[in-house]
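User: I'd like to learn how to read a model like this one, feature by feature. Could you take me through it?

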Amino acid sequence: MIILSQITKWVDNRDSKQRTHPRDIWSLGYRWFILNPNRIVDLKVRGTGSSFKFSDNHRDRREANSYIESNSTVAEIITAHDTAYFSKFVTLGFYPKNNPTRTPIDTTTDVGDIAYFDDYNDPNYPECCWMVYNSKAFKRIEQLVNISFLGIPDILLTGTTSTTSTTPAATTEQR
Amino acid sequence: MGLFLTTITDWTTKRQEKYQKLLYLNYILLNTNRLCDIRETTDGHTEFLFHQAPDDRRCSPDHITCGTSLAVLRGWHDAVETSKFGTFDIFPAYDITATPVATTIEWENVAMIYQTRNDWTNNVCHMIYYLDGWKRRNVIIDENSLLHVLAEEYV
């Protein structure tokens, strides 16, 4: 199962060197991400949280791992990884060409292929978030999907978004 | 996660092998762990990208439209095999007159199993499997039907 986590530092070799945007770090000290624990290696205790390496594309040996520092504890990450998904497939609405004004197309993906979710920063589209997933080893894809960031854990755990999320209110302030 | 029996409506691939033309009665076993970007078609069937070699970044996926609904696909993907391994009697050197060798392979390494008309006559099947990310193998196995393979995986 994925884990909703406060990320305080994310160092990667890709073009996006500011996944934890300075504005988030300055105002909150972290940014919320939903990570798939199946990409985590070298998980260690760091202060009251943890640090680990994270693979965006775990099937491609050419890609170096990111280094992440998180406020989630090692135990929380282990528990999340041991929690079963509702199904190994998840169906989400994909916006064509990542355009939130277009009609989303329901598309089913293997949850193991999902790397992480990131919030969509435009407050005019609260029902959108970014999903980064892999088309197996062939390609890494950043896809805008038709679901709120806070609805992701519910749909993966229960198959619906009907339950209320318990995410701290700070997330809303951040967005 | 494992194999599911389906019929093929359309199969677009960059590979030389055009499997759709080979299939006897259009039936094939595909592995759900190779599927990506699954979408329902208007007639209730599904289309998806099929990665024959999911661990090889050089291999682009095929586009397949098949006669199985999304709900059924989900059921197959969530199904649990009786064992992670399956044992297949593989004919050495593609020779069906030779004595088959019992070979144990992880189900997740099997990409597809199908029968041509000749296979059906000879009571054998073709199987494509991978040595993880390293190598693709195309073999003939001593199985008289696709349903029998399915039964071995789940029953």
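User: Let's start with secondary structure. How many helices and strands are there in chain B?

Analyst: Keep in mind that this is a predicted model. Chain B has four helices and 10 strands. Their order along the sequence is β-α-β-β-β-β-α-β-β-β-α-β-β-α.

User: What does the radius of gyration of chain B tell me?

Analyst: Compare it with what a compact globule of 155 residues would have, near 15 Å; chain B has 15 Å, so the two agree. Along the principal axes, its C-alpha atoms fill a box of roughly 45 × 30 × 30 Å. Buried residues make up 33% of chain B. Of the contacts in chain B with a separation of 6 or more, 52% join residues 24 or more positions apart.

User: Which domains does the assignment give for chain B?

Analyst: Domain 1 covers 3-78 and domain 2 covers 85-154, with their C-alpha centres 18 Å apart. In chain B, 17 residues of domain 1 are in contact with 20 residues of domain 2. On the domain 1 side, β1 (3-12), α1 (19-22) and β2 (27-31) of chain B each supply at least two residues. Strand β2(B) gives the most, with five residues. By class, that side of domain 1 of chain B has 11 nonpolar, three polar and three charged residues.

User: Now the interface between chains. How many residues of chain A are in contact with chain B?

Analyst: As a general idea, the size of an interface is often given as the accessible area lost when the parts come together. Here we count residues instead: 16 of chain A are in contact with 20 of chain B. Strand β7 (residues 105-110) of chain A provides the largest share of the chain A side, six residues. That side of chain A divides into four nonpolar, five polar and seven charged residues.

User: And which residues have the most contacts inside the largest nonpolar core?

Analyst: In soluble globular proteins, nonpolar side chains tend to be buried together. In this model, the largest nonpolar core has 33 residues, and those with the most contacts inside it include A:Phe33, A:Phe117 and A:Met131. Among the elements giving it two or more residues are β2 (31-35), β9 (129-135) and α3 (152-158) of chain A. Domain 1 (3-82) and domain 2 (89-162) of chain A each contribute at least three residues to this core. Leaving aside residues up to four places away in sequence, A:Met131 touches A:Leu92, A:Ile114, A:Phe117, A:Gln143 and A:Val145. A second, separate core has 31 residues, including B:Phe4, B:Ala53, B:Cys66 and B:Tyr114.

Conventions
Residues numbered from 1 in each chain as written. Chains lettered and ligands numbered in written order. Predicted model: local features only at pLDDT ≥ 70, side-chain atom pairs only at ≥ 80, totals over all residues. Rg over C-alpha atoms; globule rule 2.2 N^0.38 Å. Buried ≥ 20, exposed ≤ 12 C-beta atoms within 10 Å, placed from the backbone. Contact = placed C-beta atoms within 7 Å. Domains from an automatic or database assignment. Nonpolar A, V, L, I, M, F, W, Y, C, P; charged D, E, K, R; others polar. Core = buried A, V, L, I, M, F, W, Y, C linked by C-beta atoms within 7 Å.
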